[in-house]
Amino acid sequence: MTDTKKSIHGEWSSRFAFILAATGSAVGLGNIWKFPYITGENGGGAFVLVYLLCVVFIGVPIMIAETMMGRRGRQSPINTMETLAAEAEADTNWHYLGWMGVAAGFLILSYYSVIAGWASAYVFKAFFGSFSGADAAEIKGLFDNFVASPVQLIFWHTLFMLATMLIVARGVKSGLERAVRFLMPGLFVLMILLVGYAMTTGAYDQGLKFLFNPDFSKITGDSVLTAMGHAFFTLSLGMGAIMVYGSYLPKDVSIAKTAFLIAGSDTVVALLAGIAIFPIVFANGLEVGSGPGLIFQTLPIAFGNMTGGWLFGILFFVMLVFAALTSSISLIEPAVAWLVENKGLSREQACVWSGLATWLLGLGTVFSFNIWSDFKVFDRSIFHLVDYLTANLMLPIGGFGIAMFAGWVMKQRHSEQELQMSSAEGYQLWKFLVCYIAPAAVFLVFLNVVGVI
Ligand code: PHE
C-alpha cells in the first residue's frame with residue numbers, strides 16, 4: 001500500500017481538525033447523560049475508579065490501534081479490515097469485525113437519537129421558563145410527563161435524526177469539521193459554571209465523596225463490565241467510528257499524542273458532569289440510582305434556581321444537543337462510508353437509507369419509556385437491552401478484536417511505520433498493552449460475568 005493513498009470520502013484539513021472531530025465523537029451524551037446515571041446506579045467511587053483504569057489501560061491503546069488501522073486502510077471499517085487482513089496475509093473474515101461495528105453503530109444511534117431528542121426538547125423547556133423556581137418534585141413531574149408521551153418523543157427523535165443525516169450528507173469537511181469548532185470549548189465553560197453552582201448547594205463534599213471515595217463492597221462483576229463497556233462507549237471505541245475518522249487523517253500526524261489528548265478531554269468532561277450533578281442530587285434528597293432521567297431531573301433544578309439560570313439552561317441544553325450531534329454523525333459514518341464504497345450510492349442516498357433504518361429502530365426506545373414500559377426481554381426494557389447489548393457486549397468484543405488484530409495480526413513493520421512514534425519504548429509499551437493487557441482484561445471481565453471466575 002502506498003503512503004499517498006487517500007480516502008475517497010475526503011480528508012481532514014489538519015491534525016487539529018481530526019482532534020476536534022474525534023473529540024466531538026467522544027464527548028457526548030456518554031459523558032454528560034450516561035456517566036452520571038450509571039455511576040449513580042453502580043455505587044459511585046469504586047465504579048469511577050474501574051472506569052478510569054479502563055480508559056487508561058484499555059481505551060487509550062485501543063484508540064491508538066483503531067486510528068492507526070483506519071489511516072492505513074483508508075476506507076469504511078468493513079473494507080479497511082478486509083484490506084488490512086489481506087495485507088497481513090490473514091483471514092479476510094476479519095471484515096466481520098467491521099460488520100459488527102456497523103450494527104453496533106445503528107443500534108447505539110437508535111437510542112442515542114431519542115435521548116438527544118430529550119435534550120432538544122429541554123432547550124425549549126428552558127426557553128419557556130419551565131424550570132424557573134421549580135423544586136425537585138416539580139422538575140421530576142415535568143420529566144415524567146414528558147417521557148410518558150410517545151408523540152413528543154417521536155417528534156424530537158425525528159428532528160434529531162434529520163439533523164444528523166443532514167450533516168453527514170454534507171460530508172467530512174464541510175459537514176463534520178465546522179460543526180465542532182466552537183461547541184466543545186463552549187460546553188466545557190458551561191460545565192465549569194455548573195460545578196460552581198454545585199459548590200453552593202451545601203452538598204458539594206458529599207457529592208465529591210460519592211464520586212471519588214471507592215467503596216468496593218458496592219461493586220459487582222456486572223458493574224465492572226458496565227464500567228469497562230462505558231470506557232469503550234465514551235471514547236467511541238470498538239465499532240469503527242474512530243477507525244473511519246482515522247481513515248480521513250493525513251499521513252503526517254502523530255496518532256499516539258492525539259489519542260491521549262482526546263481521551264484526556266473526554267474524561268475531564270465526564271468528571272465535571274459528575275461533580276456538577278451529584279451535589280445537586282444530594283442537596284435535594286434525590287435518588288442517585290434514578291436511571292436515565294438523572295440529568296433531566298437534577299440540572300433543571302440548578303437552572304431554575306441560580307442567577308442567570310434561564311440563559312445558562314438554554315445554553316447548556318443547546319451545547320448538549322450539539323455534543324450529541326457530533327457523536328451521532330460518527331455513529332453512522334461507518335455505515336454511510338460502506339454504502340458509498342460498495343453499493344454505489346451517493347452520500348445523500350446512503351444517508352436517507354441508514355437514517356430511516358435507525359429512526360425505525362429508535363421507536364423501540366421511545367416506547368420503552370411509555371407504552372411498552374412493561375415489556376421486558378431478559379428482564380430489560382428495549383432501551384436497556386439495546387444499551388446492554390452494545391455498550392457491554394458489542395463494543396468490548398469489537399475492541400478485543402481490534403487489539404488482537406493490531407497486536408498479533410498486523411505486521412510489526414506496518415504498525416511501526418504507521419504510528420511513527422518518537423520513542424521505541426513508547427511503541428513497545430503500546431504493543432504490550434494491545435497484545436496482552438487490553439485483550440486479557442476484556443476476556444477476564446467476560447469470564448467473570450458469565451460466572452467462570
Ligand atoms: N462517545 C459517544 C458519547 O460518549 C458515543 C459514541 C459511542 C459515539 C460509540 C461513537 C461511537 O456520547
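This is a predicted model: local features need pLDDT of at least 70, side-chain atom pairs count only at pLDDT 80 or more; totals for chains, interfaces and linings use all residues.

Colleague: How many residues surround the ligand, and which are the closest?

Modeller: The ligand is surrounded by 15 residues, the closest being Ala 26, Gly 30, Tyr 112, Phe 233 and Ser 236.

Colleague: Which polar side-chain atom lies 2.5 Å from an oxygen atom of the ligand?

Modeller: That atom belongs to Tyr 112. Gly 30 has a polar backbone atom 2.8 Å from an oxygen atom of the ligand, and a backbone N or O atom of Thr 234 is 3.2 Å from a ligand nitrogen atom. A polar contact is a pair of N or O atoms within 3.5 Å; within protein, one must be able to donate a hydrogen and the other to accept it, and residues adjacent in sequence count only if both atoms are side-chain atoms.

Colleague: Turning to the core, which residues have the most contacts inside the largest one?

Modeller: They are Met 69, Phe 296, Phe 316 and Phe 317, in a nonpolar core of 164 residues. Such a core is a set of buried Ala, Val, Leu, Ile, Met, Phe, Trp, Tyr and Cys residues joined through side-chain atoms within 4.5 Å. Buried means under 20% relative accessible area, exposed over 50%, and partly exposed in between (1.4 Å probe, protein chains only).

Colleague: And what does Phe 317 touch?

Modeller: Setting aside residues up to four places away in sequence, Phe 317 touches Ala 119, Tyr 122, Val 123, Phe 131, Phe 296, Pro 300 and Phe 303. Contact means heavy atoms within 4.5 Å.

Colleague: Which residues of helix 18 are buried?

Modeller: In helix 18, residues 412–419, the buried ones are His 414, Ser 415, Glu 418 and Leu 419. They lie on the same side of helix 18 because they cover an arc of only 120° around the axis, taken from the directions from the helix axis to the C-beta atoms. Their packing partners are helix 3 (45–73), helix 4 (77–87), helix 13 (255–283) and helix 19 (424–449). Helices are DSSP runs (H or I, at least four residues), numbered from the N terminus.

Colleague: What comes after helix 18?

Modeller: Gln 420 follows, with a positive phi near 40°.

Colleague: How many disulfides are there?

Modeller: A search of the whole structure gives 0 disulfides, a disulfide being a pair of cysteine sulfur atoms within 2.5 Å. For Cys 435, the nearest cysteine sulfur is that of Cys 54, 19 Å away. Cys 435 is buried, at 10% relative accessibility.

Colleague: Is Asn 392 buried or exposed?

Modeller: Asn 392 is buried, with a relative accessible area of 5%, and belongs to helix 17 (residues 382–409). Its side chain makes a polar contact of 3.4 Å with that of Thr 226.

Colleague: Where is Phe 375?

Modeller: Phe 375 sits in the loop between helix 16 (347–368) and helix 17, and is partly exposed at 45% relative accessibility. Beyond its neighbours within four places in sequence, Phe 375 contacts Arg 380, Ser 381 and Ile 382.

Conventions. Residues are numbered from 1 along each chain as its sequence is written. Side-chain values use heavy atoms; hydrogens and water are left out. Helices (H or I, at least four residues) and strands (E, at least two) are DSSP runs, numbered from the N terminus. A residue is near a molecule or strand if one of its heavy atoms lies within 4 Å of it.
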